[in-house]
Amino acid sequence: MSQQTSAEIRAGLDHPIVDADGHYIELLPVFMEYFFDYVKEVGGSDAVADLARTEGLFYDDRVLGVWASLSEAERRERWLNRPPFWALPVETLDRATGYLPRLMASRLDEFGFDYAVMFPTRALPLISIPHAELRQIAIRAFNRYHAEVFSEFSDRMTPVAVIPTHTPEEAIAELEYVGTELSAKTVMLNGIVHRPLPNGATRTDTLGFDSAYDYDPVWQKLVDLKLAPAFHTSGQGWGSRRSPTSYIYNHIGSFAASGEAVCKGLLMGGVTSRFPELRFALMEGGVGYACNLYADLVSHWEKRNAQTIQDLDPAKLDIPGLRALFEEWGDERTRAALPTIEAQLVAGEPTPPRLDEFEDVAAETAEELRDLFVPRFYFGCEADDPMVAWAFNDRLNPLGATLRPMFSSDVGHWDVPAMNGVLCEAYELVEDGHLDSDQFRAFTLDNAVRFYASLDPDFFVGTRVESDAKAILES
C-alpha cells in the first residue's frame with residue numbers, strides 16, 4: 001500500500017479523480033417505506049402484496065433467497081448456487097457512508113475523489129423481477145427515490161437510473177421517464193435477459209446478438225436522450241459459476257463473464273457499426289477479459305472474414321493428394337478404410353447459409369474492426385486490478401490498441417477494506433512502474449469523462465470537474 005494517504009495522492013496530482021462506479025447502500029427501513037408508498041400509488045394494494053411476496057426482491061443482511069431455508073442435501077439436489085453473503089462493510093464510518101449520501105459527499109475529499117457516479121446495491125435484483133408489471137413499477141419507484149436522495153449533491157455525485165430491458169418497449173418507457181422527468185444523466189441497463197425455452201431451460205439474451213427482439217430503437221433512444229449506457233450485470237449462477245457451497249467460486253469472474261457476453265454481442269451484432277455515437281461501459285468485470293476478447297476478435301476476423309473464410313472451403317481439398325499420403329503413411333486400418341474415407345471427403349460439408357459471420361460488424365479491414373471496438377467500449381476496473389496495465393500496453397494489444405479502463409472504486413461493497421484507501425491502492429500501479437502519469441490520468445479521469453459525456457458534452461457542467469472535463473472533450 002502507498003505510504004501516502006489518498007488525499008495526499010490527490011493533492012500531488014495535476015488533475016481531478018472521477019470514480020466511475022461507486023455504490024450507494026439503500027437503507028431499507030427508509031427506502032421500503034418510500035418504495036411501497038409509490039408502489040401502492042401506481043399499482044394499488046395488490047401490487048404491494050405481490051412485491052412483498054417476491055423472493056430475492058432486495059439484497060439484505062441475510063443469506064438470500066430460498067438457499068438459507070434448505071438443507072445442504074437439498075441445495076445439492078437442486079444445485080442451487082450459493083448467493084452473496086456478508087457483502088457490506090462493517091467498519092462503522094464506512095458502513096454509515098454507504099448508507100448516507102450526505103456523509104459520502106463530505107468524505108469524497110478524504111477519498112481523493114472529485115466526482116463519483118453512484119450505482120445501487122440492495123436494489124440491483126429489481127431489474128430481474130420476472131413479472132413484467134411488477135418489475136416496471138418497482139424500478140420506477142427506485143429511480144424516483146435514487147434521484148431524490150442524491151439531488152442536493154449534484155456537484156460531487158450523480159446516481160444512475162436503472163433501466164429494465166426484458167423488452168424494448170419497457171426500456172424505452174423508462175428511458176423517456178428518467179430522461180425527461182428525472183433529468184437523469186446516465187443509466188444502468190440490464191445487459192442480460194434470461195429467456196425461458198420450451199423445454200423448461202433458459203437461454204442468455206445479450207440484447208445485441210441473436211436477441212428475441214430488435215433493440216435498435218433502444219440504442220436510438222439513448223442517443224436521442226443523450227444518456228450514456230452502462231451495464232452492471234453479474235454472471236453468478238451461469239454454467240460453472242453455480243456452486244451450491246461457495247459464493248467466492250461463483251463470484252470470481254462473474255462480472256467479466258457477463259461483460260464479455262454483452263460486449264461481444266454488441267460488436268458482433270453490428271450495434272457499434274449502426275450507432276457510431278454510442279459508447280458502452282461494462283462495470284465491475286475489469287479489463288483483462290476485454291484485452292483477451294479484443295485479441296480474439298482480431299484473430300478470428302483475420303482468419304474467418306468474408307475473404308479469408310474462402311481459404312477454408314472444403315471444395316479446395318486435394319483429395320487424390322490426401323489419398324496418396326494416407327496410402328503412404330497410414331496404418332493398415334487406415335488403408336483398409338480408404339474407400340469410405342475418400343467417399344466422405346468427396347461428399348464434403350454442406351455450405352452454411354451464412355459464411356461471413358462478421359457481416360453485421362461491417363469492417364473491411366482489421367483496423368476498422370479495431371475502431372469499432374476500442375473507442376466504443378469502456379471497462380470499469382477496481383483499484384486492486386493489475387490488468388489495467390495490460391489495457392495500456394500498445395506493444396502487446398493487436399494493432400497498437402489502448403483499451404479504455406475506468407477507475408471504479410466499488411465503495412460500499414465488501415471488497416473495499418477502507419473507503420479512504422481505494423485511491424492509494426490504485427496509485428500503486430504508478431508507484432510500481434506499471435502505469436505512467438499520463439496513463440494513470442486516463443484511467444482515473446479522461447476515460448470516465450469521455451464515456452459519461454460521450455452523448456452529452458454538458459454532463460459535467462456544474463460539477464467540481466467541469467473545467468477539466470471541458471478541456472478533455474475539446475482536445
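Buried means under 20% relative accessible area, exposed means over 50%, and partly exposed lies in between, with a 1.4 Å probe and protein chains only. The model is predicted, so local features need pLDDT of at least 70 and side-chain atom pairs pLDDT 80 or more, whereas totals for chains, interfaces and linings use all residues. Residues are numbered from 1 along each chain as its sequence is written, and side-chain values use heavy atoms, without hydrogens and water.

Q: Why does arginine 156 count as buried?
A: Its relative accessibility is 6%, and the limit for buried is under 20%; arginine 156 therefore counts as buried.

Q: What makes the contact of arginine 156 and aspartate 109 a salt bridge?
A: A salt bridge requires a side-chain nitrogen of Lys or Arg within 4 Å of a carboxyl oxygen of Asp or Glu. The N to O distance of this pair is 3.1 Å, so the pair meets the definition.

Q: Which parts does the pair of arginine 156 and aspartate 109 tie together?
A: Arginine 156 lies in the loop between H6 and E3, and aspartate 109 lies in helix H5, so parts 47 residues apart in sequence are tied together.

Q: Why is aspartate 109 called partly exposed?
A: Aspartate 109 has a relative accessible area of 44%, which falls between 20% and 50%, so the term is partly exposed.

Q: How do you know that aspartate 360 and arginine 354 form a salt bridge?
A: Their closest N and O atoms are 3.1 Å apart, and the limit is within 4 Å.

Note on methods
Helix = DSSP H or I, 4+ residues; strand = E, 2+ residues; numbered from the N terminus.
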